[in-house]
Amino acid sequence: MNFNWAFLDLETTGLDSSRDKVTEIAIIIKMSDGTRKTYETFVNSGVSVPAHITDITGIDDSMLINAPYPEEVLDKVSNLLEGKVIVAHNASFDQKFLENMMGETLNNRWVDTLELTKILFPKVASYSLRYLIRKFNLECSPSHRALADTEALEKLFFYLLEKANSFSLQDIQEIYYCLKDEERGLSLLFEDILNGKLISYNFNQPITYKKSKKKDSIENCNGRKLQEWSPEELVKMFKPEGVVARGLKAYQERPEQIEMMRAVAKAFSQERYLLVEAGTGVGKSLAYLVPSLAWAITHQEKVVVATHTIALQEQLFRNDIKFLKQNLPFFFKAAVLKGRSNYLCLYKWKLIKDKITTLNWSEKIFLARIANWVSKDGTGDKDTIALKGWEQELFSQMSSSRESCLGAQCPFTGECFYQRAKEKANGADVIIVNHSLLLSDAKIGDYILPKYNYLVIDEAHHLEDEGTRQFTETFSLREFQKKINQLVRKKGAGFRKPGLLYIWSNYRALPPEMLPEVKKLVKAAEEIARTIIKKTDDLNQYVLTQRQFEKARINMETRSQKGWENLKILFENVFVHTEDFLNNLYQLHNRLAEDCSETKWEDSLKDLMMYRAEIKEDLGLAKRFFNTAEEKYTYWMEVNQKRNELFLYITPVDIGEIFNELLFSVKTAAILTSATLCIGEKFNFLLDRLGLMEDLVDTQRISSPFAYEEQSLLLIDNSLPDSVSTSEEVYNLALKEALLDILKATNGRTLVLFTAHRQLQSVYKHLKKPLQNKGIEIYADGIDGNRTTLLEEMRDNSSAVIFGTNTFWEGIDLPGDFLTAVIIVKLPFWPPNLPLVEARVEAIQKEGKDGFYNYSLPQAVLRFRQGYGRLIRSVNDWGVVVILDNRLVKKRYGKVFLKSLPQNNYIIGDTNKIVENILNWFKKFS
């Protein structure tokens, strides 16, 4: 590869290239003959370095006083870059700043290692330079300084180049096809790699084709069959001499696991429902999987296992099922099935590839990633590729859907990813799904899953929330506008189809006698559409000025207000024009269908009616929202000021009735399990919320095998003011002071759980600098990265502290010394004025019960238990849990929280006492 490379990195005063300035430049030149030279310099651009930039880079004004001005470094930089291919990470950032500083457009080709990594490694949790260096074990330390980052960039690039050269000729051809029509550095790079492979390729060798079907399971080597159902034989498998024990390197018999397995087996045998709380460390996955598999095999029944999230689905299949495949003394089949939109549609993908010249560069990079991913993965499952933001939307335009499926007429019918996944599920003994798919299947009447009578629901404490999402009807004003725009769009480039009306009005093959009539209908539709868009814009502007609608429950009081009447009138104007629009589309479809019977028209006609049906459904939902008030539903709306978006929601108040009717009553046996199902020692809350009849359900509570009193210390700070009766400003000030002292004591490896992101941001800004001065780094959810990135930081950095909100309260597993302190800032009550909370509390009160004690408190206790459970995940874990909410000891209901925890002892005191106990406890384990 005879290229001369220039690796480049800049440090700047901010992210806006039109306003901010360059403070440091580093360039490493690597010539094709192997020679290498380095250049670095500070740049005095005549502006002060902001404090937050100094915090990140360490560069301050004193370091720039004697640095050369931009004009003094331009000649040197120009000479170094002349004739070179410039390599940078997130190259567009560096290119804009550099060209602004130099006052000219650079003619060099650029290679962006961020884009290159995305293509070569489609599933990476983060594409930051620092993360990639760690992931690929490259020996360097990027540090937000120009030279260190440039050295890291150089190592990363040559690592990626070596990886690209290892790809097959076919893989490189697929990638190059997506990039070839643009004169960019990345196109040049892949062209050079392709040419090198073509030169050395043996065209006389036999042609072999890749197997498109990826094998997802490991066949059991012994092939033995299970002849009869025997729970006692299953128990033997978990004894020290059993097959499960022999398959584990460090096996420790867990009586709790066997107890749970017996309970699951009994529920299957007696056709009962079972609620079983299994504490952390019981090993509940194997405890329900083994009897589920044995029952399925011996009784020729399918068992569906539903987990909370897709990530847990994958974990169960890749870890537990794989282990059992290798070790159980009988053969079984297991499959994972996800919602249809999770799978790539090969036909849609081909249509996009066929018009690749109309795509922009970012879309071409995305298609190159997809090409490599399809080749390497073979499942078409979007959860095996890392997609962010707009990439999710692009994938959705290529995903499988029932409405657009060509069925047997599809040229890819034998390779369809979704149909292959369904076929595996149909042939499986155990099918692993998520709560969302489970409930979608129940909602539409067993259309997605094959018929089954036995069900296991893991993480069952989430089922009500998922049911609320599934059975909530949602109207989005923005999505409604997009559908109207989609029909009348004048142009179609890239991923987006041209408007259907545009297609019809410009299609030359229309019979001459029908063209005038069609044009008349199209013109009328376009005029109505423009009116609808204008009316919805006016409506949106009105809503954004009304604070009362930000998150409002629509009840009798709301409906009597002037603001509601105004909103209703604005919507009714939209309704009238939308009905006219639908009638017009119906006439257009019928007129076209009369004379356009050729196959090539069928897809467009089908699309026209599909869009019309979606708009009609939106219209019906919005009209129902304004014109009905059914008692069993909550009507509420939400305005997102940042995204300029309005949502209308209709949600069932009692999800339990729906669960009972559509799910539980039609199953022979169902197991519901989680580490947190009880309030105190009772299951009443979940029984009621999930619609389960107490006389049909067995319950069992299995304690964790961990020695919590020996492994952890529970501390309650009672010196902070009451968070409810104190002003936000005063409370946050006290919280910041207490957290500063406590975090100095824990010295990293700490997870701080917040209930509100606003409070997290306030505390983060206040504590970041003082803790940095003590060698402790704070990483905040939504500020420093996503959950995956922050958890990686915790694993790699013993001085890391994570500030997290909702998603950090559960599902986090950092065993051993990775996490030694969990701090819960406030008890996790939902705000009482949330529309759904308010409606459900009211419904409970109408039954003569206390809404707080029968709904709000149990919800908070379950979430509190999940947060507490982040600390001790194995027998070797240790640390402290600190609660900063004094309501735990000053309110009568605090005892309910404490009694729900697996440890009885705790220490109460002011912040100084808390700090003293932390230090003493840590000495015990040092």
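These legends accompany close-up views of a predicted model.

**View 1. Glu793 and Arg130 form a salt bridge.** Their closest N and O atoms are 3.5 Å apart. This pair links distant parts of the chain, with Glu793 in helix H31 and Arg130 in helix H5 (residues 129-135), 663 residues apart. Look at the two partners in turn: Glu793 is buried, with a relative accessible area of 8%, whereas Arg130 is partly exposed at 37%.

**View 2. Thr789 sits in helix H31 (residues 787-796).** With 15% relative accessibility, Thr789 counts as buried. Leaving aside neighbours within four places in sequence, Thr789 is in contact with Ala125 and Ser126.

**View 3. Glu681 and Arg701 meet through their side chains in a salt bridge.** The N to O distance here is 4.0 Å. Glu681 lies in the loop between strand S15 (669-674) and helix H27 (684-689), and Arg701 is in strand S16 (residues 697-702), so the pair ties together parts that are 20 residues apart in sequence. Glu681 is exposed, with a relative accessible area of 63%, while Arg701 is partly exposed at 30%.

**View 4. Arg612 is buried yet has no salt bridge.** You can find Arg612 in helix H25 (residues 599-627). The nearest side chain of opposite charge, Glu579, is 10 Å away. Not counting residues up to four places away in sequence, Arg612 touches Leu582, Leu585 and Tyr586.

**View 5. Asp654, Glu657, Glu661 and Asp688 form a negative surface patch.** One of these, Glu657, belongs to helix H26 (residues 655-662). Glu657 counts as exposed, at 54% relative accessibility.

How values were computed:
Residues are numbered from 1 along each chain as its sequence is written. This is a predicted model: local features need pLDDT of at least 70, side-chain atom pairs count only at pLDDT 80 or more; totals for chains, interfaces and linings use all residues. Side-chain values use heavy atoms; hydrogens and water are left out. Patches are made of residues with over 30% relative accessible area and no salt bridge: like charges are joined within 9 Å, nonpolar side chains (Val, Leu, Ile, Met, Phe, Trp, Tyr) within 5 Å. Accessible areas come from the Shrake-Rupley method with a 1.4 Å probe; for residues, only the protein chains shown count as cover. Lys and Arg count as positive and Asp and Glu as negative; His and the chain ends are not counted. The place of a charge is taken as NZ of Lys, CZ of Arg, CG of Asp or CD of Glu. Helices (H or I, at least four residues) and strands (E, at least two) are DSSP runs, numbered from the N terminus. Buried means under 20% relative accessible area, exposed over 50%, partly exposed in between (1.4 Å probe, protein chains only). Contact means heavy atoms within 4.5 Å.
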